[in-house]
Amino acid sequence: MSTERPQHAPSSTGVLARAQNIRCVYGGGEEDFTAVDGVSIALGEGEVLGLAGESGCGKTTLGNALAMIAAPPLYVLSGTLEIDDGTIDLSTLSHDDVKRHRPYRGRTVSMLPQGAMNSISPTLRISSLIKDVMRAHDPRITKDEALDLARERLKMLEMPVRVLDSYAHQLSGGMKQRMITVISTLQNPRLLIADEPTSALDVSSQRMLVEMLLEMVEQRIMSGVVFVTHDLPVLSQVSDRLAIMHAGRIVESGPTRQLVEDAQHPYTRKLLGSVLDPSQETRARGIARRSAPVTPEEVGER
Ligand SMILES: Nc1ncnc2c1ncn2[C@@H]1O[C@H](COP(=O)(O)OP(=O)(O)OP(=O)(O)O)[C@@H](O)[C@H]1O
Ligand SMILES: [Mg+2]
């Protein structure tokens with residue numbers, strides 16, 4: 001078996017994916033809690049869609065539904081995903097639905113989970129992790145084939161191949177996150193859901209990760225990304241379009257520039273304005289602060 005995997009041809013319509021009417025609840029307690037309430041989103045070929053909203057608004061839940069990895073107590077009550085000329089029913093109401101989704105997981109849609117870089121087993125070398133992940137998705141692939149594929153991918157992305165021999169604790173946070181990203185896309189998914197991929201990184205690691213993701217889209221390793229974060233400056237740089245989520249619903253979506261410059265919904269204005277356009281008061285505080293001498297207390301000296 002060759003480790004060369006076909007890269008995707010763009011769809012003829014220019015639309016990569018369209019998700020409709022996704023409703024998710026957390027059940028099992030006294031009452032179901034609706035975390036995603038009738039969300040619809042669409043993504044063009046080669047597009048990065050930024051999904052933003054305050055903590056707890058339902059971004060991760062929506063990502064799990066799209067990636068078909070919802071598991072109790074999370075239930076997807078309704079929702080469809082049109083992708084590759086087919087329509088997938090996203091609902092997960094019985095064990096059969098889990099089986100129905102298996103062929104799409106990791107291949108059609110792959111999830112880069114929030115905080116994944118911190119859950120790599122400390123006893124596994126990255127190479128073993130890759131073999132395990134690849135073989136879990138496709139038991140026919142041999143260990144050598146999995147590693148060959150990973151090596152090829154790292155070279156393509158100009159990353160050091162020797163990382164494969166390392167344990168997670170030997171890598172910087174930025175390198176760990178880039179490796180996890182590479183691993184989650186080894187099967188060339190059509191769509192990657194990247195949940196807070198930059199949140200725990202410093203600015204230069206954030207930039208490297210974002211550049212790598214854009215390079216992967218360019219190289220057609222995947223054809224689109226839903227980039228989830230509450231880090232709006234990062235989102236406004238990386239996203240072609242934004243979808244703003246509030247209390248389980250998308251309140252506004254559109255081209256990034258249009259939303260940043262001319263948001264219509266008050267919540268979007270509040271969210272974007274709070275970061276991208278500091279208020280007069282904040283600006284004044286910043287100016288006052290910069291012009292004031294630094295006190296010993298400020299640098300931790302007493
Ligand atoms: N396992 C669970 N059981 C019950 N409720 C849950 C569970 N996981 C999440 N929730 C609730 O669902 C809602 C949406 O959570 P979710 O994790 O999707 O938010 P988020 O937008 O990703 O937040 P963050 O930005 O903090 O990652 C929240 O109110 C949360 O408390
Ligand atoms: Mg989340």
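I180 sits in helix 5 (residues 173-184); helices here are DSSP runs of H or I with at least four residues, strands are E runs of at least two, and both are numbered from the N terminus. This is a predicted model, in which local features need pLDDT of at least 70 and side-chain atom pairs count only at pLDDT 80 or more, while totals for chains, interfaces and linings use all residues. Residues are numbered from 1 along each chain as its sequence is written, with chains lettered from A and ligands numbered from 1 in the order in which they are written.

Back to I180: this residue counts as buried because 24 other C-beta atoms lie within 10 Å. The cut-off for buried is 20 or more other C-beta atoms within 10 Å of the residue's own, with exposed meaning 12 or fewer and partly exposed anything in between; C-beta atoms are placed from the backbone. Leaving out neighbours within four places in sequence, I180 is in contact with L112, A116 and M117, contact meaning that the C-beta atoms, placed from the backbone, lie within 7 Å. The C-alpha atoms of I180 and P113 are 9.4 Å apart, although 67 residues separate the two along the chain.

Six strands build an open sheet with mixed pairing, in the order 6-7-8-3-9-10; two strands pair if DSSP finds at least two bridges between them. Strand 6 (109-112) and strand 10 (249-255) are the edge strands, each pairing on one side only. From one strand to the next, the twist averages 15 degrees, where axes are lines fitted to C-alpha atoms (for helices, over the stretch in contact) and angles between N-to-C directions run from 0 to 180 degrees.

Within this sheet, strand 8 (residues 224-228) is largely enclosed by the rest of the structure, because five of its five residues are buried. G224, V226 and V228 point one way from strand 8, V225 and F227 point the other way, and all are buried. Strand 8 pairs in the parallel sense with strand 3 (residues 47-52) over five bridges, and G224 is the bridge partner of E47. Strand 7 (residues 191-195) also pairs with strand 8 in the parallel sense, over five bridges. Here L191 stands opposite G224, and A194 stands opposite F227. Strand 7, helix 6 (residues 203-218) and strand 8 make up a right-handed β-α-β unit; right-handed means that, with the strands pointing away from the viewer, the path from the first strand over the helix to the second runs clockwise.

A second open sheet has four strands in the order 2-1-4-5, with antiparallel pairing. Its edge strands are strand 2 and strand 5 (86-89), each of which pairs on one side only. The twist in this sheet averages 5 degrees from one strand to the next. Strand 4 (residues 74-83) and strand 5 share four bridges in the antiparallel sense, and L81 has I88 of strand 5 as its bridge partner.

Finally, the ligand. Ligand 1 is surrounded by 14 residues, the closest being Y26, S55, K59, T60 and T61; a residue counts as near if its C-beta atom, placed from the backbone, lies within 6 Å. Helix 1 is itself mostly covered, with eight of its eight residues buried. Just after helix 1, M68 takes a positive phi of about 60 degrees.

Technical notes: Contact = placed C-beta atoms within 7 Å.
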